[in-house]
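Open the model in your viewer and keep the selection tool at hand. The tour goes from one selection to the next.

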Amino acid sequence: MKTKLFVSVLATASLFLSCSNDKKSANQAKTNADIKSDIIIENTKIRTGISAIDEERSFIIVTGKSLLEGTATVKTTNIKGEEIHCETFPAKKLIDQEYKTANSTLKESHIMENVQNYFEVNHSRDLAKS
């Protein structure tokens, strides 16, 4: 009798434990989805060096509610994931001078184009400062 009661309690406890773990996983997945949903556009470039140790990963991400009101972040990390360089600035700074008077649709399109070509521009760090 005591054995049946013990087994019953143990089975019930394991059921509750497994359910609570499922909720934690679901909450973690939801948190990750919320973080990812803030990203509007991103571009990544991996630069390999002479050896694998010299490899760097650079990326630009625009986050926020819209491209015109968003924040751009340019970050470079080494192979270990350690930050080498990081800049954050308003995404509007990605708009070239000739597009400053354009309508919002053209400005957004221009920002998207500049993010896609960010690492192809010779002086990509200077682009963020303009």
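Start with helix α2, which lies across β1 and β2 and runs at about 20° to β1. Axes are lines fitted to C-alpha atoms, for helices over the stretch in contact, and angles run from 0 to 180 degrees between N-to-C directions. Helices (H or I, at least four residues) and strands (E, at least two) are DSSP runs, numbered from the N terminus. This is a predicted model: local features need pLDDT of at least 70, side-chain atom pairs count only at pLDDT 80 or more, and totals for chains, interfaces and linings use all residues. Residues are numbered from 1 along each chain as its sequence is written, and side-chain values use heavy atoms, with hydrogens and water left out.

Next, select the sheet. Its four strands form an open sheet in the order β1-β2-β3-β4, with antiparallel pairing (two strands pair if DSSP finds at least two bridges between them). β1 (39–47) and β4 (83–90) are at the edges with a single partner strand each, so one side of each has no neighbour in the sheet. From one strand to the next, the twist averages 10°.

Now select β1 and β2 (residues 56–63), which pair in the antiparallel sense over eight bridges. Here E42 stands opposite I61 in β2.

Return to α2 (residues 104–116) and select N114. Is N114 buried or exposed? N114 counts as buried because its relative accessibility is 10% (buried means under 20% relative accessible area, exposed over 50%, partly exposed in between, with a 1.4 Å probe and protein chains only). Leaving out residues up to four places away in sequence, N114 touches L94 and D96 (contact means heavy atoms within 4.5 Å).
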